[in-house]
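Below is a briefing on a two-chain model, arranged by topic. Please read it alongside the sequence and the coordinates.

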Amino acid sequence: MNGKMKTIAYPAFFCSFLILLSCGVEPKQEHAESGMGQTMSHTVAVAGSAEMAFMPGFRGEVDTVANGFDPMSILTDFDYGRVSTLPDGRTLREYELRAEIKQLEVAPGIMYEAWTYNGRVPAPTLRATEGDRLLIRFVNASPHPHTVHFHTIHPAGMDGVFEPVPPGGSFTYEFDAVPFGVHPYHCHVMPLASHISRGLYGAIIIDPKQGRPKADHEFVMVMSGLDLDFDEANDLYAVNFIPFYYDRHPIKIKTNALVRIYLVNMLEFDQSNSFHLHANFFNYYPTGTFLVAGEYTDTIAQMQAQRGILEFTYTYPGLYMFHAHKTEFAELGWTGLFEVEE
Amino acid sequence: MHTAGIKPEETAGRLRTLAYFLFPVVLLAAVIALFLATDGAGLNVEPAAPIENLVFERIVLINGAIELHIRNTSPETIEIAQAAVKDMIVGFSALPARRVPRLGKAVVTIPYPWVDAEAYEIRLITSNAVVFAAAIEAASETRTFGGTGFLGFTLIGFYVGVIPVFLGMLWFPALRKLGRRAFIWLMALTVGLLLFLGIDAVNEALEVAWELGSPFQGVGLVGIGIVGTALLLDALGKGQSGETGNEEGKRRRIAVMVALGIGLHNLGEGLAIGSAYSVGEAALGTFFVIGFILQNITEGLGIIAPIVKQRPTLRFLAGVGALGGAPAIAGTWIGGFASTPILSTLFLAIGAGAVFEVAYEIGKLLKKGDGKEPMPLTVWSGVMAGMLLMYLTGLLIK
């Protein structure tokens, strides 16, 4: 090349390089939205439109069929166990819990490797009556050691702390159902925060011998968070694991019907959680261990593993929110609706 | 080259040469095929978790919405599943799609009632549950092309580029009264100014370069920009000097080269200012612009220094002034309306390469003058004065 050619070739090379960079690699036009999140038309219309109420929440749906469980049925799904009578006349209840890893769609379009009891989060709500003999057979079908630690009164050897169950192993927890109330259970293998936040938690309800006043609706609600990227901070929050589920699918109740909620906080990483009911007050029974309400309020706070029973009735029909009154949690998923009908 | 009369044995010889060239290439293909066939030599190369990277190239704030220009710099296609602003899950649209192929781009639009001057953290969550965060330090409406935005950017470019360069050139009559030693000192001062500008530009280029995704090899890009520009300017300078060799013409050419170098540098500077303005960062202080004006006055000085002993026409002076200052306007346009981190990196590196090359040219001139009567301390103090001048005026900007 002579000098002149060089002076032409060099800038030419440079310009083409610049053009290449500024264009980048254009992705192909893709219209397949694969049913996740909101559709194009929604958001395009939304930009700058006053009609858009800036409400938080997903526009998509999680695949509850693929997940294998539906948060709506988890609300009222109580596992009373296999019931038989012991020689001394007491009731024996036998349950099965199986630790397994499961890929779950935790929010529309987001897959997460959850650690579960029986393939669902929260785990089965075990239910018994005060004084029953409980026999809980635990099988570990996951590649990590796990246990089940119940927040009840039981012998040291049944505490799910010192007897980690190796992968493929099993263990049977055996103890009496005391005291009555609502209690959490969870895996107690280190590192605890990971084992819990991955999904190994649930509730056990022990009904008092004399029972509670008959309720028209009984729901179990376990509050938790999702640390998607494992940085010890929750990215999403939920009641019964799937963020915004009851916001998209309001829980239907009747006017003047007694609603009883068994509320458990299993939130990791954050200091505390809360429950706020809109346009109403509720009787709150801390831990459910007394039959007399401890408080008449519309907002309560719970630390990790704290729990309680809420009782209320709605007089007027309509849509009512319930959510964590820590707005960050509420706007990141811990929001639901009651649809009160006549 | 002579192509006439190729003999058959010559053709055979060429074919053999070609075969020699191709032989390792064929072997290479075979080795790669073997590696793939044996599942990566038996090593399990599947990552434990999906490797996902995403770069926020540009954030645009428009009325009632936030627009994120993202680029996928990970090995695989990624899919944006959810978005959150300030710890709130929000709806969004992605164009052309939520699925972004490797090195592909997408524009994510989030309807959101953002408020002036507030800080925002925006998170995008991919389908593999990987979270990416972008921050807006102080929200303000992004200037859009056309209308007042365009005029505003032109004015900023004019203020930081054109005006100071011409103001600096107004020292021309004063400088003409200087003696030889003072003139050498002035040239050395120019070298100091340019070296400082170059170092500063390299630093800025690298800062942006670190933020590029790894496939774009930001530091390598900076190298290409610096080396390419410096060698190109050198080649252009040499190509001309072969034609007209007199001293006056040479000095004029050097003045033009200084102006071109400074112009390229101002283009990068304008780009930086433009993109800072467009994302609202520069709204943190107009002091910033005042600082640039002060600093860039010295650039005008640098342009006229080589020709101070001559009688350039006004047209020539206007030309070199425009060459040095006006690119700042173009820079603010690009930065304000179309900048990407890749372009910013490249332009800043080009500016650095340009000022280094020009400093080298003036250095050669100084060395030539040195032959008659060496003044090492004059040169040293001139260069230092130039660098310190930039440092002190820089205090106002940084």
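The model is predicted. Chain A holds 7 helices and 21 strands, while chain B holds 11 helices and 9 strands. Chain B is divided into domain 1 (54–136) and domain 2 (147–397).

**Chain composition**

- Of the 342 residues in chain A, 42% are buried.
- Of the 398 residues in chain B, 46% are buried.
- When contacts in chain A are limited to residues at least 6 apart in sequence, 69% of them join residues at least 24 apart.
- With the limit of at least 6 apart applied to chain B, 81% of the contacts join residues at least 24 apart.

**Domains of chain B**

- The C-alpha centres of domain 1 and domain 2 of chain B lie 37 Å apart.
- Contact between them involves 9 residues of domain 1 of chain B and 10 residues of domain 2 of chain B.
- On the side of domain 1 of chain B that touches domain 2 of chain B, strand E1 (residues 54–62) of chain B gives the most, with 5 residues.
- By class, that side of domain 1 of chain B has 5 nonpolar, 1 polar and 3 charged residues.

**Nonpolar core**

- The largest nonpolar core has 195 residues.
- Ile66(B), Val108(B) and Val355(B) are the residues with the most contacts inside this core.
- Helix H4 (residues 180–211) of chain B gives the most to this core, with 16 residues.
- At least three residues of this core come from each of domain 1 (54–136) and domain 2 (147–397) of chain B.
- Leaving aside neighbours within four places in sequence, Ile66(B) is in contact with Ile59(B), Leu61(B), Val85(B), Ile110(B), Tyr112(B), Trp114(B) and Ile122(B).

**Strand E7 of chain B**

- Strand E7 (residues 105–111) of chain B is mostly covered, with 6 of its 7 residues buried.
- Strand E2 (residues 65–72) of chain B runs antiparallel to E7(B), and 7 bridges join the two.
- Within that pairing, His69(B) has Val107(B) in E7(B) as its bridge partner.
- Strand E5 (residues 93–95) of chain B also pairs with E7(B) in the antiparallel sense, over 3 bridges.
- For Leu95(B), the bridge partner in E7(B) is Val107(B).

**Six-stranded sheet of chain A**

- An open sheet of 6 strands in chain A has the order E12-E11-E14-E19-E16-E17, with mixed pairing.
- Strand E12 (236–239) and strand E17 (295–297) of chain A stand at the edges; each has a single partner strand, so one side of each is left without a neighbour in the sheet.
- In this sheet the twist averages 25° from one strand to the next.
- Strand E11 (residues 217–226) and strand E14 (residues 259–265) of chain A pair in the parallel sense over 7 bridges.
- Met221(A) has Leu263(A) in E14(A) as its bridge partner.

**Five-stranded sheet of chain A**

- Chain A also has an open sheet of 5 strands in the order E13-E21-E20-E15-E18, and its pairing is mixed.
- The edges are taken by strand E13 (251–254) and strand E18 (299–303) of chain A; each has a single partner strand, so one side of each is left without a neighbour in the sheet.
- From one strand to the next, the twist in this sheet averages 25°.
- Strand E15 (residues 272–277) and strand E20 (residues 318–323) of chain A run antiparallel and are joined by 2 bridges.
- Leu277(A) has Phe322(A) in E20(A) as its bridge partner.

**Ile196 of chain A**

- Ile196(A) is placed in helix H5 (residues 192–197) of chain A.
- Ile196(A) counts as buried because it has 24 C-beta neighbours inside 10 Å, where the cut-off for buried is 20 or more.
- Leaving aside neighbours within four places in sequence, the contacts of Ile196(A) are His186(A), Cys187(A), Tyr201(A), Met266(A) and Glu268(A).
- Gly225(A) is 29 residues from Ile196(A) along the chain, and their C-alpha atoms are separated by 10.0 Å.

Technical notes: Residues numbered from 1 in each chain as written. Chains lettered and ligands numbered in written order. Predicted model: local features only at pLDDT ≥ 70, side-chain atom pairs only at ≥ 80, totals over all residues. Core = buried A, V, L, I, M, F, W, Y, C linked by C-beta atoms within 7 Å. Buried ≥ 20, exposed ≤ 12 C-beta atoms within 10 Å, placed from the backbone. Helix = DSSP H or I, 4+ residues; strand = E, 2+ residues; numbered from the N terminus. Domains from an automatic or database assignment. Contact = placed C-beta atoms within 7 Å. Pairing = 2+ DSSP bridges. Axes fitted to C-alpha atoms, helices over the stretch in contact; angles between N-to-C directions. Nonpolar A, V, L, I, M, F, W, Y, C, P; charged D, E, K, R; others polar.
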